[in-house]
Amino acid sequence: MALEMLVQAVGITLLAPLLQGFIQWCKARLQNRRGPSPLQPYRNLFKLLAKDMVVAGTASWISFVTPFVCFGAAIAVAALLPVVSSGWGVSDLFLIVYLFGLSRFLLALAGLDSGNSFAGMGSSREMYLAVLVEPAFLLAIVATAGAVGTTELGRMVQHATAHSFTLPYVLAAGAFFIVVIAECGRIPVDNPDTHLELTMFQEATLIEYSGRQLALLLWSVYVRQLAMVVLFVELFFPWHWFDLIPSLFVWGMLKIFLVGFLLALTETSTAKMRLFRLPNFLAASGLLALLALVAR
Amino acid sequence: MNDLELDRLFFQMVIIFLTGCMSAVALWKSPRLANCVSHGLAAGGCALMFYLAGTVLAGGEAVLIFIGRWLHAGEVALRIDPLAAFFLLLLSVVGGAASIYAIGYTADHYSRRYAILPVLFNLFLLSTVFVFASSHAGAFLIAWELMTLTSLLLVVYEHEHAANVRAGFIYVVMTYTGTAFLMAGFFIMAAAAGDLSFEKFIAVSLTQPQRDLVFLLAFIGFGTKAGIIPLHVWLPKAHPAAPSHVSAILSGVMLKTAIYGMARFYLEFLGVGPTWWGVMVIGFGIVSALLGVLYALMETDIKRLLAYSSLENLGVVLLGVGAGMVFSSAGKPLLAGLAWAAALFHAFNHGIFKALLFLAAGAVVQATGTRDLEALGGLIRRMPYTAAAFFVGALAISSLPPLNGFISEWLTLQSLFFLPQALTGVSGKIAGALLFIALAMTAALVAACFVKVFGIAFLARARSRKAETAKEAPFTMTLPMLGLAGACLYFGLQPHSMLQAISRVLQPYIGIDTRGLFEVDRIGLMIQANHAEGVLSVTLLAGLLLIGCLAAAGLYYLRGKAVRVTAPIWACGRAATPRNQYSATGFSGPVRWSFRYVLRSQRQRIVDENENIYVGRKLAYHQSIRYIVDEAIYYPVQRWILRQARFMKRLQAGSVQLYVGYVLVVTIVVLAWSGRK
């Protein structure tokens, strides 16, 4: 089991930049641009990993350890996800949410560490966003899978497979998609393409990072994004036509990239929301989840 | 180890604490010596207590320490059962750390009245021991009052500040009101049992209204001590007022005496109650948790912030207690065991990390002379050990893996997750979901709050001259902090032994079953309760995190030696000053705005219109929040009392003639009365 887990972790980690590249590529196409190749994130990471770092003079060891711990937490999440059939029986929902919380906590601290006011703004907003997203995240999953009698994700996925596309799952899928958008820092919640003051969330906390540390952080952000998409796919789209293509792997990939396309589509078709509109947006997710709960 | 040896050990411990008092009195002329001897003895007493409590907890059997007949009080017994031993263990850990810390910390307080401080400290520890060890209503109440009294004197120790005296006053009023309720509860029990001994209270036959009444009386009585909102007003004032090593015990242990009391009443004396008991406890718990953390997040006084965060944590503990009661009444003994275990473990963990945070905050306050976050900053370089300890405490209190706070938060979340199994129907589902949202939101707010504290106080650059010149605390202070930080890590990675001990504590009580609840194997922790399961693989998690970090390190060095160049931060072309940094008030801004209907935030901006708009005007900015609970409940009560007082003032105007007149009138009335036939 341990070995398979590591293989899964490595696989997800290696795939994560591709999803990011794919989303960027889709976005470019949807905006009538040529856009960089989907492999561009790999090139970026590879290059950043060789670069020197410029470190803020005011930064302490918090800034130094943050990239390592964030990457470590991302690897842990990647290893724990219930991807292969029903997972390992140890992937607890709360554990995964709180592992995300760990990296968010450290990133926010790193933002305050340098004393850069933009990074501080990012930290403040990132923690504020967590206040809205974490409840919605838990609720969207618990609303449907609460009937299972465990928060073990593998068992939840099995339940989802048995009850796919029933009303509660359809409602909760909507709720969770909003959470995916927020957790991946995408429009309309956050804009990952800019460093503008108005859109500063996660990107702003990274502002003082460069070189290898930036590479590690970006990579862990990509892994987190892929993990959210995988969770979404596993819980809400557990179908495949084996008659057509008899491979679980291929179907998994197709679904992941389909969700990636959906993310790109929402990004091009909506505008960034004001910060103080976000509670309403996530309340919509909460309401959908509550409806799913009642419909169960 | 038999009872006889343990009771000798207990008396040795009592004698050590008393010697601690005496020696401070004897050595009052040389504060330095009094400090070392007295606090050293307190630490020794705590070490004995640790051994004693550990032995009882490991054995799982109650130990009778002392029994005696005394006047009409019946048999007065000191008995340490596993429940008491569990809380004594917490007291010994926190008390021991605080005693050692006090040696370094109080060295700043040397004065003529210094000797009072160690005397009170030893007495405070001792009376808390007796609160846990008494198994007699009278003895318990006496110990309870002694604990209140000694802690009160410690709160007002620095009576030069008017605010401290005021805090002490509010503390007295609130806590005696609470004790009155407690006494009433004990009287009802004693009247029914015909005895004051705790053993006779167990499953005493009361009518249902009587049981309801005792439940409510105990809830109000202990709730005042625990600082449940709306009975909390004294807590955020009194805890910061005390010297920091005392604050650590006040928040870490004294609040838990309330949880201990509730466990005694609800588990042992009253047994399984109707569902509304548990629902009510949960209701108060969630309100305390959410409001407590919101107020903590808005606070900029580091010690008051920690006090508010205690409200939040006690709220989370109450969620576990309430869920346990609900499960008991629904006939789900295993789930009840889970919920109670979550409550007890969280109480224990909170004791450790909150004590750690208070100790570290005390070191910061001593080094910088200010409690205001907006004046701190950059302490991570000036005080590296304190910063490291505070960092661990902040992670633990934000319930992040792999620290102890996460384990108890996880258990609490699990017990709330299974709540719909006891509260059936749509309303149960919705209530469960809403609790879930509220608890998840609380956890996120706590994380925001402690990012704020650590980030503003310890990171970036100093915001004031004092913070710039701060010096690291002496090793007597840093050592206990680091020890507590180690305990946070230990109970996060190895929660098994403590959870097994807790399940032994809970097993004897009616309506609870913990047999086979916690399965421990290689991968970690497993809960198993009929239709409820949960797996938490702590070891695996730690391993994965470690492997992940190593992989990151591998990638970091993948392409040769890493070169780090230091440069100043970018501040749009100007030289960045500490005033460019984010402030604590600014950090909590978005949350303040979102919760403005609860917090009633107000701000005041005064702009100097005379200056040039393009260069930048002088700006004064004032931000405040209003406390709705205080305004809704306490202010009207206060106004009512003042109105009555004004009325009474007319009777008692201070004129001697008037008083002579009163005496005359009374005499005449008495004469007339006695003369009637």
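**View 1. Strand 1 of chain A pairs with strand 6 (residues 564-567) of chain B in the parallel sense, over four bridges.** Strands pair if DSSP finds at least two bridges between them. A:Met53 has B:Arg564 as its bridge partner in strand 6 of chain B. Helices and strands are DSSP runs numbered from the N terminus (helices H or I, at least four residues; strands E, at least two). This is a predicted model, in which local features need pLDDT of at least 70, side-chain atom pairs count only at pLDDT 80 or more, and totals for chains, interfaces and linings use all residues. Residues are numbered from 1 along each chain as its sequence is written, and chains are lettered from A and ligands numbered from 1 in the order in which they are written.

**View 2. The side of chain A that touches chain B.** Here 69 residues of chain A are in contact with 74 residues of chain B; contact requires C-beta atoms, placed from the backbone, within 7 Å of each other. At least two residues of this side come from each of strand 1 (53-56), helix 3 (61-80), helix 4 (93-113), helix 5 (117-145), helix 9 (211-236) and helix 11 (278-295) of chain A. Helix 5 of chain A gives the largest share, 16 residues. By class, this side of chain A has 43 nonpolar, 18 polar and eight charged residues. Ala, Val, Leu, Ile, Met, Phe, Trp, Tyr, Cys and Pro count as nonpolar, Asp, Glu, Lys and Arg as charged, and the others, Gly among them, as polar.

**View 3. The fold of chain A has 11 helices and one strand.** Along the sequence the pattern is α-α-β-α-α-α-α-α-α-α-α-α. The C-alpha trace of chain A spans about 55 × 40 × 40 Å along its principal axes. Of the 296 residues in chain A, 62% are buried, that is, with 20 or more other C-beta atoms, placed from the backbone, within 10 Å of their own. Among contacts in chain A with a separation of 6 or more, 80% join residues 24 or more positions apart.

**View 4. Confidence along chain A.** The mean pLDDT (the predictor's confidence in each residue, from 0 to 100) of chain A is 88, and 95% of the residues score at least 70.

**View 5. The domains of chain B.** An automatic or database domain assignment gives domain 1 (276-559), domain 2 (589-624) and domain 3 (628-675) of chain B. The C-alpha centres of domain 2 and domain 3 of chain B are 46 Å apart.

Conventions:
A residue is buried if 20 or more other C-beta atoms lie within 10 Å of its own, exposed if 12 or fewer, and partly exposed in between; C-beta atoms are placed from the backbone. Two residues are in contact if their C-beta atoms, placed from the backbone, lie within 7 Å.
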